[in-house]
Amino acid sequence: MTVVRTTEPPRLPVRDKAAARARGWGGVSPMLTRLAAERATGVLVREHGTLHLAEGLVVQAESRHAPGLGALLTAHGTLAPEAWHQAVNEAADHHRVGRHLVDAGHLPLGALELCHLAALYDAAYFVLAPSSTPPRFRYGPVHWLGSVRPVPVEALERETLRRRDVLHRIWPHPGMDGIPLARTHLPGTPALTRRQLAVLELVDGVRTATDIARELGHLAFHTLVDVRRLTAAGVVTTAAPARGQSPPGGTRTTPDRGQSPPPPDQPPADPGQPPGRGRPPQGRGQPRRPETDGADGYAPPVPAEPLPPDPHITLLKRLRDALEAL
Amino acid sequence: MPGIDECLLEAMRLPGARGAALIDWTSGLALGTVGESPGGDQETAAAEAAEIARLAAEQHAFAPDEDPEAPAAADTELPVEDLIVSNRDSYHVLRFVGSSFDGSVFLHLWLARAEGNLALARIRLGEMAERLVLA
């Protein structure tokens, strides 16, 4: 009998909406919540990218960690690069690049909306990651793309938090998203999907998950999912950390809890270890996970130790969050 | 040329349609929903439908035979076209949307079993999925 080994990812999480409402805000950015309430139009600049608002709704998100709409549309031939550049040149001043692409017959409306939403949620995941710098907001005109399919702030924040849970459940190692990845070259590779194979081909001990997403023209969050699943399967591990590079993505679910200590069960290799020397995860193919798969369907990622590394930094961050919320 | 909302509203015009949604199966996010949600909660329904869609899309057993003569399958080619789940009172039709950019999206149509026509719904949903992303 042939046994095909696949690593089954855990169930997709669902956020507890009642708890979020009780808190009064999404727990991501108090400033953003306030801007939504006052129906502001302009640009919110955060450490990992920007959110463009029009009348309190998010119309575009941009982050250096995620491919933009133009990159996604042109990487796989959905749209000719010339058509994209032409539309940007002709319609950017009128803030209706998206509409121009559809009207000129370059792109069906459905494809534009799908790709736009995918790119928006993708970039917003990184923009709304915990940051060490205060956010700024510039009131101003709407984004040059125009309003394709605006997303309410509340929906975006909730999805961002849920996406952090998605990754955490697959493999709880928040820091790995910004660290170069290496292959483990262990025998008995489990069955991989075509997407995972494409990602695996670019794992070379130098590239990070977001580098791989950019090169493949894939959504960055979807690539993070691929990488975490490959890590859970014991095929990929973290190489030596790149100095001075801050990992994108959610390091914590709440901004007031400081840095996250390593998960209770250590991932295959320490980031400090040289590539190729990583331990395989315990019980390859079925690594142990921390107790996040609660019977209620959702349990927030809980750090192994409640105490953050530096209480002063935590205090300053909480002060900043409180000031921001004023 | 339909957008997401027009596509979902068109799906709702099928006999017996109770709810329709466009869902990303990697994240479990509903990009658009119309009508009722199975189980009452839109977010939970999307996450649960995403689970089964991803499972079906990734299992090698459900993929078509590889043709050694044919050129390598493009990124847009999906191994599975659709999924049908039936129960005592309803049908669920999940139709994968092949997009040339990096999407993992499907249409989820919920039909009342008494009024629904499964064959018609399956054909129409396929056409809608195609029109959504093709000019």
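A residue is called buried if 20 or more other C-beta atoms lie within 10 Å of its own, exposed if 12 or fewer, and partly exposed in between, with C-beta atoms placed from the backbone. Please note that this is a predicted model, in which local features need pLDDT of at least 70 and side-chain atom pairs count only at pLDDT 80 or more, while totals for chains, interfaces and linings use all residues. Residues are numbered from 1 along each chain as its sequence is written, and chains are lettered from A and ligands numbered from 1 in the order in which they are written.

**Stop 1: chain A**

Select A:Leu109 to begin. A:Leu109 is buried, with 24 other C-beta atoms within 10 Å, and this residue lies in helix α6 of chain A. Helices (H or I, at least four residues) and strands (E, at least two) are DSSP runs, numbered from the N terminus.

Of its 326 residues, 44% count as buried.

**Stop 2: two helices that cross**

Select residues 109-127 and 153-170 of chain A, helices α6 and α7. At what angle do α6 and α7 of chain A pack? The angle is about 70 degrees, with the axes 9 Å apart. Here, axes are lines fitted to C-alpha atoms, for helices over the stretch in contact, and angles run from 0 to 180 degrees between N-to-C directions. That makes α6(A) roughly perpendicular to α7(A), a label for angles of 65 to 115 degrees.

Show the side chains of A:Tyr121, A:Ala124 and A:Tyr125 on α6(A), then A:Leu156, A:Glu159, A:Thr160 and A:Arg163 on α7(A), as these residues make the contact. Two residues are in contact if their C-beta atoms, placed from the backbone, lie within 7 Å.

**Stop 3: two loop residues**

Go to A:Arg39, in the loop between α2 (30-37) and β1 (42-46) of chain A. A:Arg39 is not a glycine, yet has a positive phi of about 50 degrees. With 11 C-beta neighbours inside 10 Å, A:Arg39 counts as exposed.

Next, pick A:Glu55 in the loop between β2 (49-54) and β3 (57-62) of chain A. Phi of A:Glu55 is also positive, near 50 degrees, in a residue other than glycine. A:Glu55 has 13 C-beta neighbours inside 10 Å and counts as partly exposed.

**Stop 4**

Switch to chain B, with three helices and five strands in the order α-β-β-α-β-β-β-α from the N terminus. Its mean pLDDT (the predictor's confidence in each residue, from 0 to 100) is 88.

Select residues 4-12 of chain B, helix α1, and highlight its buried residues B:Ile4, B:Cys7, B:Leu8 and B:Ala11. Look down the helix axis: the buried residues of α1(B) fall within an arc of 95 degrees, so they line one face of the helix. That arc is taken from the directions from the helix axis to the C-beta atoms. The buried residues of α1(B) pack against α6 of chain A, and also against elements of chain B including β1 (17-24) and α3 (118-133).

**Stop 5: where the chains meet**

Finally, show both chains together: 29 residues of chain B are in contact with 30 residues of chain A. On the chain B side, α1, α2 (42-58) and α3 each give two or more residues. The largest share, six residues, comes from α2(B). For the complex, the predictor gives an ipTM of 0.90 and a pTM of 0.77.

Definitions and conventions. Angles under 35 degrees count as roughly parallel, over 145 as roughly antiparallel, 65 to 115 as roughly perpendicular and the rest as oblique.
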